[in-house]
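Trainee: I have a new model open and would like to learn how to read it. Could you take me through it step by step?

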Amino acid sequence: GQGTFTSLSAMQAGIGIYFKHRGNGNYFVADILPGSSAAQASLIRINDELLQIDDYTISPNTTLEDIRTRILGNPDTTVRLVFRRQDQERNDYEGGNGDLYFYNVELVRKLDRKQMGDEMDPQDSEVAARVRMYEEEIIRLRRELLILQQKTEENPRSKALEAELKSKVEDMRRYEQMLLQSQEHTRIAEEEGKDVLDKLTRLQQDNERLQAREKERGRALEELQQKNSSQMSILTSSRLQLEQAVANERQKRASLEKDLGFIYQEIQRRQAELSKRRESKARLLDDLRRGHQSLQEVHKVQEDQVASLAEVMSSLDKINLAITTKIDSFINSSSVRRYEVSSREAYT
């Protein structure tokens, strides 16, 4: 059937799974790229059915290109996949009934070394070979476990078979542990290889920049040499023009110095007039101060006179009051005497 690798495309990274379409919108794992994120996860198996990519659910209208577009992305980013599996081996081992079960896994998008042009070194090849050997041994042990389980159910010598089964289980666990360690070594080696590749890329970029700078420097030097000869004649003519300009400036300077002499004489004359005006102004200020002082003295005399006049007015008011009082007393005493005289005359 049709299939697609979810690996590097242009500047994108994948997870190393090859999906196959079996109709009715069902997509299954057809192959897993050794050393990829999917292989390192140790969860995904061949024939596992893909159900969901992040928040996108697989439907009958989903195409392989849709799956490819949604899984591919920038390096070192993550994508979450949901799978469905009917693993008879797992169900027999765990005592299940063979029903479907679901699981999800989060994988990191990584670049494919071969598509990046980076050949695997001998140490990485040895680690990858060891990982494949462990994976094959684990598959073989699981098959033997399945056979032993079947024999245990059918053969009356179950105790011996159970002991052999336990031994195989221990071997499988040991190989699984060795597989995890090898996968961790592979991951570390890939990270170191990626760091080396990044450093090599940066060195190549620096080398290209230096070569470009050297080429640019050579072109600039040639241009400077070409311009040097033409600029020499230009500088000679410019020097002659500058000498003529200097002579003209000297003549202008002499004329300006003469004009400045006249201006200096005019400034001295005006400074003399200003000094005279300042002296006249000083005399006027002295006269004004003396006049102001005289006015203050006159004002003080007037204030003293006003005070004396106020005292005189107060004395006159007292005298007037005394005279008025005496006149009133005199008038009253005269009236009493006239009344007594008239009374006497009437009596006689």
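Mentor: Happy to! Of the 348 residues in this chain, 21% count as buried; buried means under 20% relative accessible area, exposed means over 50%, and partly exposed is in between (1.4 Å probe, protein chains only). This is a predicted model, so local features need pLDDT of at least 70 and side-chain atom pairs count only at pLDDT 80 or more, while totals for chains, interfaces and linings use all residues. Residues are numbered from 1 along each chain as its sequence is written, and side-chain values use heavy atoms, with hydrogens and water left out.

Trainee: How many helices and strands does the chain have?

Mentor: The secondary structure comes to 6 helices and 7 strands. Helices (H or I, at least four residues) and strands (E, at least two) are DSSP runs, numbered from the N terminus. Along the sequence, the pattern reads β-β-β-α-β-β-α-β-α-β-α-α-α.

Trainee: Which residues of helix α2 are buried?

Mentor: In α2, which covers residues 64-71, the buried ones are Leu64, Ile67 and Ile71. They span an arc of only 60 degrees around the axis, so they sit on the same side of α2. That arc is taken from the directions from the helix axis to the C-beta atoms.

Trainee: Now the rings. How should I read an aromatic pair?

Mentor: A pair of aromatic rings is described by the distance of the centres and the angle of the planes. Rings of Phe, Tyr and Trp (its six-membered ring) pair if their centres lie within 6.5 Å; planes under 30 degrees apart count as stacked, over 60 as edge-to-face and the rest as tilted. By this rule there is 1 aromatic pair here. The centres of the Phe83 and Tyr103 rings are 5.6 Å apart and their planes are at 20 degrees, so this pair is stacked. It links distant parts of the chain, with Phe83 in strand β6 (residues 78-85) and Tyr103 in strand β7 (residues 101-108), 20 residues apart.

Trainee: Are Phe83 and Tyr103 buried or exposed?

Mentor: Both Phe83 and Tyr103 are buried.

Trainee: Which residue lies over the face of Tyr56?

Mentor: A charge sits over a ring if NZ of Lys or CZ of Arg is within 6 Å of the ring centre and within 35 degrees of the ring normal. Arg70 lies over the face of Tyr56, 3.8 Å from the ring centre. Likewise, Arg22 lies over the face of Phe28, at 4.3 Å from the ring centre.

Trainee: How many salt bridges are found in the whole structure?

Mentor: The search finds 11 salt bridges, each a side-chain nitrogen of Lys or Arg within 4 Å of a carboxyl oxygen of Asp or Glu. One of them joins Glu216 and Arg219, with the closest N and O atoms 2.5 Å apart.

Trainee: Where do Glu216 and Arg219 lie relative to each other?

Mentor: An α-helix has 3.6 residues a turn, so residues three or four places apart point the same way. Glu216 and Arg219 are 3 residues apart in helix α6, separated by about one helical turn. Glu216 is partly exposed at 45% relative accessibility, and Arg219 is partly exposed at 42%.
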